[in-house]
Amino acid sequence: MFNLILFGPPGAGKGTQAIKIAEKFGWKHVSTGDILRAEVSQGTPLGLKVKSVMEAGHLVSDELLIEIMESVFVKNNAVNGFVLDGFPRTLKQAQELDGMLHKLGHAVTMVLALEVNEEELVKRLLKRAQEQGRLDDTEDVVKNRLVQYHHHTKPLIDYYKEKKLYQEVYGVGSIEDIFSQLCSVIKT
Ligand code: AMP
């Protein structure tokens, strides 16, 4: 089973590229942001719990994310690969992911990061806020999301570099160019 983590800050284009990669290789795309947004829009107990946290641009608790991912792995036990988009986002989540995959007899195969400069990220996130009306993409929240990334998520780069799983692709350019660069480093 190929377990790809598509890594990068908010606004790097993970969602767009994850969908394309999943389609090309026949893998299951898992976006924890999409899962959480669906819970919020359906007004489930989980959705009610995380709504204000997401709207503020903070991270939802590790415990909830780990519960969500455990159920994703249980429900999709027959797939031949995953593209994880937006998970893990903390060291604790990364360690728990290793444990979950280990229990299933698997491991993280590679971590592919989209590298985009901060100015471009802010521009993209604000544009998306206008186009999609995403409540978590207003200017203050955008800044908050980037702070959360630097503080909690960026340390994962070293975690995966040490495991020799980390690779970077430049994430500015056309969607198709970035996609073909990503595909060229995915060795199945
Ligand atoms: P995304 O669409 O991946 O940018 O996620 C949107 C929001 O969902 C984030 O700003 C967080 O509030 C929450 N979220 C998504 N994935 C995670 C995660 N792995 N850990 C904590 N919070 C998450």
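In which crossing, left-handed or right-handed, does α2 pass α3? The legend to the first view gives the answer, and the model shown in every view is a predicted one.

**View 1. Helices α2 and α3 meet in a left-handed crossing.** Helix α2 covers residues 32-42 and helix α3 covers residues 45-55. Their axes come within 8 Å and cross at roughly 115 degrees, and the two helices are therefore roughly perpendicular to each other. On the α2 side, the residues that meet α3 are Gly33, Leu36, Arg37, Glu39 and Val40. Their counterparts in α3 are Leu46, Gly47, Val50, Lys51 and Met54. By class, this contact of α2 with α3 contains five nonpolar, two polar and three charged residues.

**View 2. Helix α1 packs against helix α9.** The angle between α1 and α9, the latter formed by residues 175-185, is about 55 degrees, and their axes lie 10 Å apart. That angle makes α1 oblique to α9. The crossing of the pair is right-handed. From α1, the contact draws on Thr16, Gln17, Lys20, Ile21, Lys24 and Phe25. From α9, it draws on Ile175, Glu176, Ile178, Phe179, Leu182 and Cys183. Sorted by class, the residues where α1 meets α9 are seven nonpolar, two polar and three charged.

View 3. Lys20 belongs to helix α1, which spans residues 14-25. When neighbours within four places in sequence are left aside, Lys20 is in contact with Ile175, Glu176 and Phe179.

**View 4. Helices α6 and α7 pass each other in a right-handed crossing.** Helix α6 comprises residues 118-132, and helix α7 comprises residues 139-153. Their axes come within 10 Å and cross at roughly 135 degrees; α6 and α7 are therefore oblique to each other. Glu118, Leu121, Val122, Leu125, Leu126 and Arg128 represent α6 in the contact, where they meet Glu139, Val142, Arg145, Leu146 and His150 of α7. The residues of this contact of α6 with α7 divide into six nonpolar, one polar and four charged.

**View 5. Leu97 is a buried residue of helix α5.** Helix α5 runs over residues 91-103 and includes Leu97. Leu97 counts as buried because its relative accessibility is 0%, where the limit for that class is under 20%. Not counting residues up to four places away in sequence, Leu97 touches Ile5, Phe73, Leu84, Phe87, Pro88, Val108 and Tyr160. Between Leu97 and Pro10 there are 20 Å in space, C-alpha to C-alpha, and the two are 87 residues apart in sequence.

**View 6. Phe87 and Pro88 are joined by a cis peptide bond.** The omega angle of this bond is about 0 degrees. Pro88 is located in the loop between β3 (81-85) and α5. Both Phe87 and Pro88 are among the residues that Leu97 touches.

**View 7. Lys164 has a positive phi.** Most residues other than glycine have a negative phi. For Lys164, phi is near 60 degrees. Lys164 is found in the loop between α8 (156-162) and β5 (166-170). With a relative accessible area of 74%, Lys164 is exposed, since that class begins over 50%.

Methods: Residues numbered from 1 in each chain as written. Predicted model: local features only at pLDDT ≥ 70, side-chain atom pairs only at ≥ 80, totals over all residues. Heavy atoms only, no water. Helix = DSSP H or I, 4+ residues; strand = E, 2+ residues; numbered from the N terminus. Contact = heavy atoms within 4.5 Å. Buried < 20%, exposed > 50% of the residue type's maximum accessible area, 1.4 Å probe, protein only. Axes fitted to C-alpha atoms, helices over the stretch in contact; angles between N-to-C directions. Parallel < 35°, antiparallel > 145°, perpendicular 65-115°, else oblique. Left-handed = near helix turned anticlockwise from the far one by under 90°. Nonpolar A, V, L, I, M, F, W, Y, C, P; charged D, E, K, R; others polar.
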